Amino acid sequence: MSDLHADALRVLRSWRAPDPVEEELRRRYVTHLESRADGMWRSSYPDHVTAGTLVIDAAGEHVLLNLHRKAQRWFHFGGHCEEGDATLAAVALREAEEESGLTGLAFHPEPVQLDLHTVPFCGDRGDVNHLDVRYVAAVPAGAAAVVSDESLAVRWWPVDDLPDLEPEMHTLVQRAREVLA
């Protein structure tokens with residue numbers, strides 16, 4: 001078992017889900033990792049763990065989203081685990097920095113949401129399930145985001161005027177605001 005795998009199990013075993021739906025997801029993630037030594041990696045099919053970060057301004061009034069190149073939808077920043085990632089939080093922070101170009105993020109070290117979503121464009125084996133663990137980070141004042149190769153655009157959105165998002169993204173934004181409060 002890798003250090004990353006052990007960290008993810010530790011985090012997910014101790015995380016307190018805010019509702020029964022996410023408690024069921026938490027249990028599924030733990031069972032997945034307990035049964036799959038490669039459960040953190042793309043090689044784990046059809047399920048593997050991913051991590052991401054919602055970037056929010058310090059006032060909690062705007063979130064930074066990226067228009068995902070493959071999905072062509074607005075999302076938080078996130079993605080797959082890579083060799084060299086030591087912790088689940090490190091995956092989430094790396095993805096946020098790579099995909100936004102931001103550094104110096106005030107990263108909240110505990111997950112705020114779990115979300116399982118099916119991804120039809122993740123490989124040539126067919127649909128895969130991302131067992132996504134989501135974190136929050138506040139951006140330093142004056143920081144400028146840039147578009148990465150994985151995105152078509154990055155944009156700040158007022159929390160009361162978000163684009164067409166999946167319902168769980170609205171929940172993520174609300175939880176991010178609560179973390180900042």
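This is a predicted model: local features need pLDDT of at least 70, side-chain atom pairs count only at pLDDT 80 or more; totals for chains, interfaces and linings use all residues.
Residues are numbered from 1 along each chain as its sequence is written, and side-chain values use heavy atoms, with hydrogens and water left out.

The protein contains 4 helices and 7 strands, where helices (H or I, at least four residues) and strands (E, at least two) are DSSP runs numbered from the N terminus. Followed along the sequence, these elements come in the pattern α-α-β-β-β-β-α-β-β-β-α. The C-alpha trace spans about 45 × 35 × 30 Å along its principal axes. For 181 residues, a compact globule would have a radius of gyration near 16 Å, and the 15 Å of the protein agrees with this; the radius is taken over C-alpha atoms, and the globule rule is 2.2 Å times the number of residues to the power 0.38. Of the 181 residues, 49% are buried, a term that stands for under 20% relative accessible area, as against exposed for over 50% and partly exposed in between (1.4 Å probe, protein chains only). Among contacts with a separation of 6 or more, 67% are between residues 24 or more positions apart, a contact being heavy atoms within 4.5 Å.

Helix α1 (residues 3–14) packs with helix α2 (residues 20–35) at an angle of about 150°, and their axes are 10 Å apart. Here the axes are lines fitted to C-alpha atoms, for helices over the stretch in contact, and angles run from 0 to 180 degrees between N-to-C directions. The two helices, α1 and α2, are therefore roughly antiparallel to each other, given that angles under 35 degrees count as roughly parallel, over 145 as roughly antiparallel, 65 to 115 as roughly perpendicular and the rest as oblique. On the α1 side, H5, A8, L9, L12 and R13 meet R26, Y29, V30, L33 and E34 of α2. Sorted by class, this contact has 6 nonpolar, 1 polar and 3 charged residues, where Ala, Val, Leu, Ile, Met, Phe, Trp, Tyr, Cys and Pro count as nonpolar, Asp, Glu, Lys and Arg as charged, and the others, Gly among them, as polar.

Within helix α1, L12 has a relative accessible area of 0% and is therefore buried. Beyond four places in sequence, L12 touches R26, Y29, V30, L33, L114 and V133.

Helix α4 (residues 167–180) holds M169, which counts as buried because its relative accessibility is 2%. Apart from neighbours within four places in sequence, M169 is in contact with L65, F75, H76 and R134. Although M169 and H76 are 93 residues apart along the chain, their C-alpha atoms are separated by 8.1 Å.

Strand β6 (residues 128–139) contains A138, which has 11% relative accessibility and so counts as buried. Neighbours within four places aside, A138 is in contact with I56, L105, A106 and L180.

Most peptide bonds are trans. Y45 and P46, however, are joined by a cis peptide bond with omega of about 5°, and P46 lies in the loop between α2 and β1 (47–57).
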